[in-house]
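Please read them with the coordinates open.

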Amino acid sequence: MCGIFGCILKEGNAAPLIHSSLKRLEYRGYDSVGIATISDGKIFMKKDSGKIDEVHKLVNLDDMPGNIGIGHTRWATHGAPLKINSHPHMDCKGEIVVVHNGIIENFMELRAELQNLGHIFVSKTDTEVMPHLIEETLKQNPKLTFVNAVLESLKRIEGSYAFAIMSTREPDKIICARNESPLVLGVNGTGVFCASDIPAFLPITNKAVMINNGEIVILSQQGYEIHKIQDYSTVTRDPVTIEWTSEMAVKQGYPHFMIKEIHEQPEVLRNTLRMQDHYLDLMTTFLDRADEVYLVACGTSYHACLAASYMFSKLAFLPTYPVYASEFVEQHGKSVNIESTLLAVSQSGETADTLSAVMCAQQRAATVLGLTNVIGSTLTRVSRVYIGTQAGPEIGVAATKTFTSQLSVLAQLALRLSKKRGKISQDEMDCLEVNLKKMPEDVEIIIRTQEEKVKQIAHKYKDSKVFFFLGRGISTATAFEGRLKLMEIAYIPSIAFPAGESKHGPISLIEEGFPVVFVCPRDDCHKTLIGNIMEMKARGAHIIAVIEEGDDDIKSLAEEYIEVPKGIPSVLSPIPFSVPLQMLAYYISLEKGNNPDMPRNLAKSVTVK
Ligand code: M6R
């Protein structure tokens with residue numbers, strides 16, 4: 001997730017406006033910033049790693065000539081957050097500049113092809129293939145207009161993108177295109193604007209034109225033209241008036257970042273499936289060499305590790321030990337050694353407890369692998385191999401989209417390892433791959449069809465003094481995560497444990513009306529779980545069940561049920577089954593008048609032990 005912005009002004013310099021607009025997109029990423037303008041047929045460019053204010057102090061982003069320009073604020077995915085990887089990116093001749101938000105899936109093939117043709121790449125990014133591809137297209141077809149060269153190049157790009165592109169060949173135009181990454185235009189009497197998101201231009205204009213997937217846009221002094229990439233047919237679309245305040249616009253009209261981020265999960269899950277094979281393969285090779293692996297993390301990331309321990313065991317027969325990072329040194333500090341492998345999972349990559357477990361393991365020569373959402377974080381610097389979870393910045397303190405993105409990457413790793421080791425049948429493998437691919441759609445369905453129901457349940461149970469969250473097998477991890485969400489933002493004491501443990505103690509707490517949330521995928525644990533539900537029900541508990549669509553056995557026992565699509569394999573179930581629990585916590589928190597984005601006593605990144 002990055003922010004792009006471009007503008008053509010009728011009068012005045014574009015750079016100061018691009019700078020201030022990028023500031024309003026900084027919530028989308030702040031690893032580096034860059035601006036390119038065109039003046040007198042020449043491209044001017046300033047860029048560097050760091051937050052916008054830091055870079056501005058060094059290079060004065062406002063001091064650039066030209067009334068046309070593009071800019072970018074980066075959330076690193078491919079290539080570390082360094083100056084060379086900052087956007088805009090250029091072709092060999094310095095005639096074409098590109099800013100991009102998204103992931104070009106086939107960039108390795110394109111890059112190799114272009115390098116063989118003599119193109120020189122200076123960055124490690126996927127984006128840099130685009131200016132070179134346009135350059136090559138023009139070289140091979142010198143009669144093409146710049147727009148047509150962009151169009152032809154777009155047809156070779158696989159993956160997600162919102163591009164803004166300029167060239168000295170047609171220095172009065174910005175060409176934009178969209179596939180799966182957001183792009184919106186702004187218009188008023190002073191000029192035309194393109195951006196990843198409305199807040200970028202909202203103080204300038206509230207007239208916006210939404211751009212759809214598969215569309216290319218030509219911006220000029222005359223305004224905007226929209227065409228379909230496929231056949232260049234013209235699309236007519238008038239601006240709409242945006243009534244949002246700036247604050248609402250940053251949250252895209254959602255009242256809180258948390259619910260916005262819950263709704264972003266389908267898109268984020270799609271991005272996690274665009275992970276480059278070689279990162280996953282490299283990590284898989286290290287996991288394959290290990291006899292056993294410590295999965296180390298805190299809070300929500302720990303719950304992803306707990307779920308992953310079932311995935312690795314069931315799919316790849318790899319023994320893994322989920323360990324709370326804050327306990328790692330005490331528990332394993334003396335036994336971890338050169339033969340050990342530690343996979344540290346951390347959204348921020350800066351959690352002090354996780355890093356001290358990593359340091360301890362490193363001092364004893366263990367292999368450290370990292371999974372984090374923040375490329376360039378300490379975890380990426382200290383890991384032998386790391387993978388980025390591609391969720392984009394998460395602003396709500398409660399982790400939501402980063403949890404499901406961690407689960408998706410961990411599931412992909414477990415599947416690769418399984419394939420490498422030949423541990424499961426081809427049919428099972430195919431079924432898991434198909435289900436992983438349709439996960440974004442499943443999550444979309446859950447949010448679309450169940451949110452209202454979750455709101456009603458939240459209203460009904462808002463005054464409950466305590467909740468249980470129970471599951472069996474891998475759903476234990478989902479239950480733990482549901483409990484953490486409710487406690488941290490609704491401030492309701494909650495207890496989670498594997499459902500089989502009830503009868504060993506906790507069931508004594510149950511009395512009439514006690515809410516018990518059961519996580520119930522239709523897996524091998526289903527029958528036994530029904531027994532656990534009956535035990536609770538017999539003592540007066542109110543059952544709130546997250547079930548597979550059409551699970552009549554549990555429906556008949558539950559006071560409330562929330563449905564997820566049918567047929568999701570057990571090892572993948574924490575992804576969809578956790579989504580209703582995130583929404584439940586969110587809506588109970590609202591019912592209680594809390595601010596779910598800023599729960600008391602908590603911080604997004606916990607850098608103290
Ligand atoms: O950045 P990390 O993933 O290392 O953070 C770990 C925990 O502090 C974090 O998951 C925390 O539990 C969440 N904010 C809970 O929603």
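Which residue in S10 does Gly-186 stand opposite?

1. Strand pair S9 and S10. The residue opposite Gly-186 is Phe-193 in S10. The model is a predicted one, and this position belongs to a pairing of strand S9 (residues 184-188) with strand S10 (residues 191-195). The two strands run in the antiparallel sense and are joined over five bridges.

2. The sheet around that pair. S9 and S10 are members of an open sheet of eight strands, whose order is S3-S2-S4-S1-S10-S9-S11-S15. The pairing in this sheet is antiparallel. At its edges are strand S3 (42-49) and strand S15 (240-241), each of which pairs on one side only. As background, strands of a sheet pair through backbone hydrogen bonds, in either a parallel or an antiparallel arrangement.

3. Domain layout. The protein chain is split into domain 1 (3-247), domain 2 (254-437) and domain 3 (448-609). Taken over C-alpha atoms, the centres of domain 2 and domain 3 are 24 Å apart.

4. Interface of domain 2 and domain 3. Here 42 residues of domain 2 are in contact with 37 residues of domain 3. The area buried between domain 2 and domain 3 comes to about 3200 Å², and carbon and sulfur atoms give 68% of it. For polar terms, the rule finds twelve residue pairs in polar contact across this interface, both residues being at pLDDT 80 or more. It finds zero salt bridges there.

5. What domain 2 contributes. On the side that touches domain 3, the elements giving two or more residues are helix H7 (257-263), helix H8 (265-272), helix H10 (299-316), helix H12 (352-363), helix H14 (401-421) and helix H15 (426-437). H10 gives the most, with nine residues. By class, the residues of this side of domain 2 divide into 23 nonpolar, 15 polar and four charged.

6. Salt bridges elsewhere. Over the whole structure, the search returns 26 salt bridges. One of the pairs is Glu-105 with Arg-274, whose closest N and O atoms are 2.5 Å apart. Glu-105 lies in the loop between strand S6 (96-104) and helix H3 (107-116), and Arg-274 in the loop between H8 and helix H9 (277-289), so this pair ties together parts that are 169 residues apart in sequence. In general, side chains of opposite charge can pair when their charged atoms come close.

Methods:
Residues numbered from 1 in each chain as written. Predicted model: local features only at pLDDT ≥ 70, side-chain atom pairs only at ≥ 80, totals over all residues. Heavy atoms only, no water. Domains from an automatic or database assignment. Contact = heavy atoms within 4.5 Å. Buried area = accessible area lost by both parts, 1.4 Å probe. Salt bridge = Lys/Arg side-chain N within 4 Å of Asp/Glu carboxyl O. Polar contact = N/O pair within 3.5 Å; in protein donor to acceptor, adjacent residues only side chain to side chain. Helix = DSSP H or I, 4+ residues; strand = E, 2+ residues; numbered from the N terminus. Nonpolar A, V, L, I, M, F, W, Y, C, P; charged D, E, K, R; others polar. Pairing = 2+ DSSP bridges.
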